[in-house]
Amino acid sequence: MSATRELAERFRDEIVTLRRALHQVPEFDLDLPKTQQLILDALEGLPLEISLGKELSSVTAVLRGGAGPGPVVLLRGDMDALPVTERTDVPYASQHLGMMHACGHDLHVAGLVGAAKILSALQAELAGDIVFMFQPGEETSGGAPIMIREGVLDAAGRRADAAYGLHVGSAGQPRGMWSSKPGSFMASADQLHVRVIGAGTHGSTPFRGKDPIPVICEMVGALQTMVTRQFDVFDPVVLTVGRIAGGTKENIIPDDAFFDATVRSFSAEARAKMQQVSTQLVEALATAHGLTAEVEYIVGYPVTVNNADEYEFARATIVDLFGPDRFRERRNPRCGAEDMSYVLEEVPGVYLNLSACRKADPNAAADNHSPLADFDDSVLPDGAALLAELAVRRLKRGSDG
C-alpha cells in the first residue's frame, strides 16, 4: 500500500468526524463562518501558511515542500451547501433548518483536509509547493473566480502548474468508483430570461389587445426546434424552460408574460452561437406578432475542460493506487456545471468524480441535490489519498510536466 493510503487510513477517524460536524452546520453561498472555522480548527498545528478571503469565507493554505524548489500543485474543495430541507435519518443530520449538504461538499472539504494532513506528514520529501483551495459559493454565485481574483492561483508566490479536484456522487455508480473523461467534462450553464410585452384587454375581445401568452408559447417551441436545426448533434445544446409566468385571471389578457430557461453547452463555439441565435429568435417572433421582447442572456459557469495529459496522469494514478476495476472513463460529458471550470481555464488539470453511494443498487439511490441524498463517508480516505498522491507524483514530474 502506498504511503498516502497508509496515512489516509491513519487519519480516517479524524476526517470522518470532521465531515459529520460539517454536515450538521450547512451554510449557503459565500458567507460560511462556521464552515470556515471548522476548517481552520482541523488545519491547526499543520505547517501551513493560511490566508482568508476578503469577499468570501474562503481558506487558502500553502504547504512548502522540504526537498527544494519545484512545481506548484493546487488542490481544490468546495464548501457550500444547498437550500434543501434534509430528509435523511442519519444521526448527524443538518441542524440548520432548510439547509443541507445535499451535494456532498462536506465530503469535499473533509477529503481536502485529509490531503493536507497526509502531505504535511510527507513535507520533507516534497520538491515543490501545494496550495489547498477551500472555496465557498460553488452552488450559487461562483466563489472560484473571486478566489482567483484574490490570488489563489499565485498563493505560493508563483502560478500553479497543475490543479486537481474531485466531486462525490450519491447515486449512479457503485461506491468507490472513480470516473472522468478528457476534454469537455461538464457543461457551461447560462440563463435566458425573456419578457414579452403586449397590450392587455378583456379575454373575450383579444383583437383589441396584443396577447403575449400565445407568443410566449410559440417561442418555447421555436427554441427547441432551433436547437435541433441550427446546432451540430455532436456538439449539443440543452435548453430547458423551467418557468413561465403571465396573467392574473382566465378572462384577462395580460400586458406581458415571462419565461426563464437554462442553457447548457459543451463548447465555447456552441455557447457563443446560442447566445446570439436565441436572442435573435425571440426578438423576431415578438416583432412578427406586433409585440416586443426584452431579452437578458446571463453567461454563467464555462465548460469544465479536463487537460488531456493531466487526465491521463490522473487515470493512471487511480489505476495504480486502487486497481483498474475502480475507474470508468465516461463516454459523454455531464450536463451539470462546475465553477472549477474557472480554475481549469487558467491552469491545466483534471476534475474527477468519486461515488459515495450507500445503496447496493446505485440507480435506486437518491441523487445529489435531493433531500434524501445520502453519502457514504467510508470513501473519504480514498479521496484524501488520491488528492495527496496526485500532488506527490505531480511534484516529482517537475515544472515541465
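Start by selecting Thr201, which sits in strand E9, residues 201–202. Helices (H or I, at least four residues) and strands (E, at least two) are DSSP runs, numbered from the N terminus. The model is predicted: local features need pLDDT of at least 70, side-chain atom pairs count only at pLDDT 80 or more, and totals for chains, interfaces and linings use all residues. Residues are numbered from 1 along each chain as its sequence is written, and side-chain values use heavy atoms, with hydrogens and water left out.

With a relative accessible area of 18%, Thr201 is buried; buried means under 20% relative accessible area, exposed over 50%, and partly exposed in between (1.4 Å probe, protein chains only). Leaving aside residues up to four places away in sequence, Thr201 touches Pro206, Arg208, Gly209, Ile252 and Ile253. Contact here means heavy atoms within 4.5 Å.

Next, select Ala160, in the loop between helix H5 (143–149) and strand E5 (162–169). Ala160 has a relative accessible area of 6% and therefore counts as buried. Its contacts, not counting residues up to four places away in sequence, are Val72, Leu74, Leu153 and Val347.

Now go to Leu18 in helix H2 (residues 12–24). Is Leu18 buried or exposed? Leu18 is buried, because its relative accessibility is 9%. Among residues beyond four places away in sequence, Leu18 touches Leu38, Ala42, Ala110 and Val113. Leu18 and Leu223 are 205 residues apart in sequence, and their C-alpha atoms lie 47 Å apart in space.

**A pair of helices**

Select helix H6 (residues 212–230) and helix H7 (residues 268–288), whose axes come within 10 Å and cross at roughly 145°. The axes are lines fitted to C-alpha atoms, for helices over the stretch in contact, and angles run from 0 to 180 degrees between N-to-C directions. The crossing of H6 and H7 is right-handed. A crossing is right-handed if the near helix is turned clockwise from the far one by less than a right angle, and left-handed if anticlockwise.

To see the contact, show these side chains:

- On H6: Val215, Glu218, Met219, Ala222, Leu223, Met226, Val227 and Gln230.
- On H7: Lys273, Met274, Val277, Ser278, Leu281, Val282, Leu285 and Ala286.

Colour them by class, and the contact residues divide into twelve nonpolar, two polar and two charged. In this scheme Ala, Val, Leu, Ile, Met, Phe, Trp, Tyr, Cys and Pro count as nonpolar, Asp, Glu, Lys and Arg as charged, and the others, Gly among them, as polar.

**Pockets and a cavity**

On a 1 Å grid over the protein atoms alone, a cavity is a set of points where a 1.4 Å probe fits but cannot get out, and a pocket is an open set with protein on both sides within 12 Å along at least five of seven lines; lining residues have an atom within 4 Å of a point. Grid points are joined across faces, edges and corners, and a volume is the space filled by probe spheres set on the points.

The largest pocket has a volume of about 660 Å³. Select Glu139, Ala189, Arg264, Tyr301 and Ala337, the closest to its centre of the 29 lining residues. Strands E8 (188–197), E10 (237–246) and E12 (256–265) each supply at least two lining residues, and E12 gives the largest share, four residues. The lining holds ten nonpolar, twelve polar and seven charged residues.

Move on to the second largest pocket, of about 220 Å³. Of its 15 lining residues, Gly169, Ala171, Arg330, Arg334 and Asn353 lie nearest the centre. E5 and strand E16 (349–355) are the elements that give two or more residues to this lining.

There is one cavity of 30 Å³ or more, and the largest cavity holds about 60 Å³ of space. Select its lining: Leu107, His108, Gly111, Leu166, Val168, Leu354, Val379, Leu380, Gly383 and Leu387. None of these is charged; seven are nonpolar and three polar.

**Two loop residues**

Most residues other than glycine have a negative phi. Asp29, in the loop between H2 and helix H3 (33–43), has a positive phi near 70°. End at His369, in the loop between E16 and H10, where phi is also positive, about 80°.
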